[in-house]
Amino acid sequence: MIRWLLRRLAQAVATFLVVTLLLFLLMRVAPGDPLARLVDQRRVSPEELSLLRARFGLDQPIGQQLGQFLQGVSSGDLGVSIAHYPDQVSTLLWTRLGPSVLLGGTVLLINFTLGVWLGVFQAERRGSRWDRWLTRLSLTGYSVPSFWLALILVAIFSLHWHWLPATQMTDPLLSGSAPLATKAIDLVRHLILPVLTLSLVSLASAMRYQRTAMLEVLRLDFVRAAAARGLTPGQVRWRHAWRNALFPMLTLLGLWIPFLVTGSVFVEAIFNWPGIGALAAEAILGRDYPLLQGTAMLAAAVVLLGNLLADVGHLLLDPRVRAT
Amino acid sequence: MTGSIWSALQRAWRDPGGRVGIVVLVGLVLAALLGPFGLPDPLAAPNPIAGAQPPGPDHLLGTDPLSRDVFARLVTGARISLTVAGLAVLLAVTIGAAVGILAGYLGGIVDSVLMRLVDGAMAIPRLFILLLLTLVWERIPLAAFILVIGLTGWFGTSRLVRGEVLRLRSAEFVQAAGALGASSARVMLRHLFPNATGPILVAATLGVGEVILLEAGLSFLGVGVQPPTPSWGGMILDARSVLMTAPWAAVFPGLAIVMTVLAVNLIGDALQSGFDPRSA
Amino acid sequence: MGVPTPPSSPLLTVNDLHVVFSTRDGDVSPVDGVSFEIRRGETLAMVGESGCGKSLTCLALLRLIPPPGHIPPPSQILLDGQDILTMAPEALRQVRGGRIGMIFQDPSTSLNPVLTVGSQVAEAIAAHQKASKRELKTRVITLFEEVGLPDPASRYGAYPHQLSGGQRQRVMIAIALAAEPDLLLADEPTTALDVTVQAQILELLDRIRRARGMSILLITHDLGLVAGRADRVAVMYAGQIVEEAATEKLFQSPAHPYTRGLFASIPKITGPKQRLAPIPGVVPRPSRWPTGCRFHPRCPDVLSQCAATAPPETRPAANHRSWCWLTEQPKAP
């Protein structure tokens, strides 16, 4: 088991190396070099340009650049932002992590409670009117562009009815000495619209995943056997059926963990949510290649971490896997 | 292969949801093809000072802040969206199938290297790869945009096809064909490909929906289809500033996206349950 | 066995049981008017080829028919006079596993793979009786001893995949016995097991029945398993019972051609090797059951009226029922 874990860890590290290599190459496919575009926009003098080149290590042979890049990444140095010069990319990412985790975490919590519950509900009523309508509804949610939904919700709930704030995570006018409850309510009010947007467009996959997984399990013999021994419907549903329909959800959770960190570029940008997604959107506007690259790298790292966590979860929850 | 696509479509048609999807999609394609005839010029701004006008007899769905006809732009946008999605997915599926067959059939070091690269590429969220690539251009040309989307969309397909190839390679009839002296290429094309059509078709269909959303998103961020070419995402971006005064300019392009993606997903869903009845 | 049991009120009475599946092409009833009774302490064997509806009959007794199947009136399943079909959910739950235990064909799929076998027996007890965790564990281990699981204490924390097929079926039996039921439904309990294990499991069931004074409904496709184990046998064909008699009587003088066909297809371990004579053809699907006597297309002794009219119940002897035109009038000796 330990050996298996170590092997998975080694695989993840190897994959991350490939990611680093790919991202490095991606930067290189740009015609000219990354600074050329910066120069276009900001009229940097030739002297400054060569200084910058040296600063970014662009005056060195490509092999050496790759070496430095890898060295930087391994020590957590993702380079310097262009738009936020001279801030470190890693520092910027770190300061924006909290809000993204808050937003993404809330959405994941909803998807994995409401989504799971709805998926189980549907599977138990397979083919019923409820099932059909929920399937249509979730398929629709799945087809809605998040940025458009965000705008529509803002138009309705903020601009038209003035019920909820449209941007930011906290009210800037709220004094720092306000009571904790007031601050908490303020935060929740700011959370509602972005969470609603992201949940509406992503709840569908949780539902569909859970429905399919549960359908697979419900036709297995042991579910009927559990009912035959006189367990309550709740025990049959959750302890027996769902406990076995959990594994695909674990995989999905692994796929969604990156969402905690990167949030959503579109939704964070529209709501001006001070997270990493909005940072990426700013990087696009500012043509900030290092920042965008650092964000991508962080996202990839968390993707791999998510996969790894899903595997470990599988290991802990499934005795059959544990045995191998 | 065309035969299996045809029978897959028939299966999708039998599913009520799939039928709705097919009807809507065919309607959209027709509109995109015939649209330019009899509609106002989507680029013409007859009365820029007037700004956005509400829906009326002159402009069925109103005009955008630059007084361009929303309906005409929607129809042209459909053409752009469907072209981008269709070509990009075609490219992605072709590359994915080629890489998958190559890796699965050759095996060994080629397989290992290709699959490690795919692992790495799949770990980076597609949006970020796309953002990094589109930023290479100051204003990305449409052809390059299609290319970029296609080049970032084949990883999953290649894995799928590789798995299918590995499964089929051990199947008896391929070995039998090999024993009869058929060349490897012949074996691959005549036997493997038709058998892998099903999963590829499902992946491609769902891929079209994903690409339409991605294209809209990137255009909304300003790094996709470049103005003045109309695109649904770009139209929403233009209308953002007049959200309250001219909601029609933002609402209709969004509805167009939802309708199109939903139609595609309905078809994909119907195809999938056709191939695997248990998932229905 | 062999000694005629004194007549007493039956434990379970099934009257005109139907199981109907509503499909797009109309309703089909794979169980179509089945009536029988199970007396206290006896083993009733229900025999028939696969597809004859015997397993569905068994599931119907606990209302475990999966949708879109349902049990329409006038079906009745009376347990001590109370109709299981009209019971409220909580009363039904108490019957399931409480008064009627059930074991299934394939023990490897009937146990939850992610829960320990001990906890699955414990929950079966806890579903019907109040007991502390400690008590539960002791009782589970006692049950494991009773069903002959080796090293019972250490098996408590084992997962199903760590046990052999026979051991898993012993666990299933422990679960079925957990709440001391009056009736055990055994749906092909040995079909999925090795031949050597089969005998052991059947032996175990018989021993427990005698020790506990329990009744058993043994569902099987193998008439060979029935001899010496069941008090009475009911033979099912195409959703209906075609013959029912005390085991000895059935073995000595089977009345229905179908039953005789089943006997001809039992492999004999002793005696000279002979060709098996399986009944030609297969059980028709419920949607295309023949008119009249449903066995007539396969029957070697078919009469002219068989295709037109279903045969009435006949009594070739006391405690012997048969539904066949041949037995309508007792044959001349």
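**A salt bridge at the interface of chains C and A**

The side chains of C:Glu123 and A:Arg239 form a salt bridge, with an N to O distance of 2.5 Å. The structure is a predicted model, and every value reported here is computed from it. In total, 2 salt bridges are counted between chain C and chain A.

The interface to which this pair belongs was examined further. The size of an interface is often given as the accessible area lost when the parts come together. For chain C and chain A, about 2,000 Å² is buried between the two, and carbon and sulfur atoms account for 59% of that area. Of the area that chain C buries against chain A, 27% is supplied by C:Pro113, C:Val114 and C:Glu123, more than by any other three residues. Contacts across the interface involve 27 residues of chain C and 21 residues of chain A.

Chain A itself comprises 324 residues, 50% of which count as buried. Its secondary structure consists of 15 helices, with 0 strands. The C-alpha atoms of chain A fill a box of roughly 80 × 55 × 40 Å along the principal axes. Among contacts in chain A between residues at least 6 apart in sequence, 74% join residues at least 24 apart. The accessible surface of the chain amounts to about 15,100 Å², and 67% of it belongs to carbon and sulfur atoms. Chain A carries 28 positive and 18 negative charges, whose mean positions lie 15 Å apart.

In chain B, helix H10 (residues 232-239) is mostly covered, with 6 of its 8 residues buried. The buried residues include B:Trp232, B:Met235 and B:Ile236.

Notes. Residues are numbered from 1 along each chain as its sequence is written. Chains are lettered from A and ligands numbered from 1 in the order in which they are written. This is a predicted model: local features need pLDDT of at least 70, side-chain atom pairs count only at pLDDT 80 or more; totals for chains, interfaces and linings use all residues. Side-chain values use heavy atoms; hydrogens and water are left out. Helices (H or I, at least four residues) and strands (E, at least two) are DSSP runs, numbered from the N terminus. Buried means under 20% relative accessible area, exposed over 50%, partly exposed in between (1.4 Å probe, protein chains only). Contact means heavy atoms within 4.5 Å. Accessible areas come from the Shrake-Rupley method with a 1.4 Å probe; for residues, only the protein chains shown count as cover. Lys and Arg count as positive and Asp and Glu as negative; His and the chain ends are not counted. The place of a charge is taken as NZ of Lys, CZ of Arg, CG of Asp or CD of Glu. Buried area is the accessible area (1.4 Å probe) that two parts lose on being put together, summed over both. A salt bridge is a side-chain nitrogen of Lys or Arg within 4 Å of a carboxyl oxygen of Asp or Glu.
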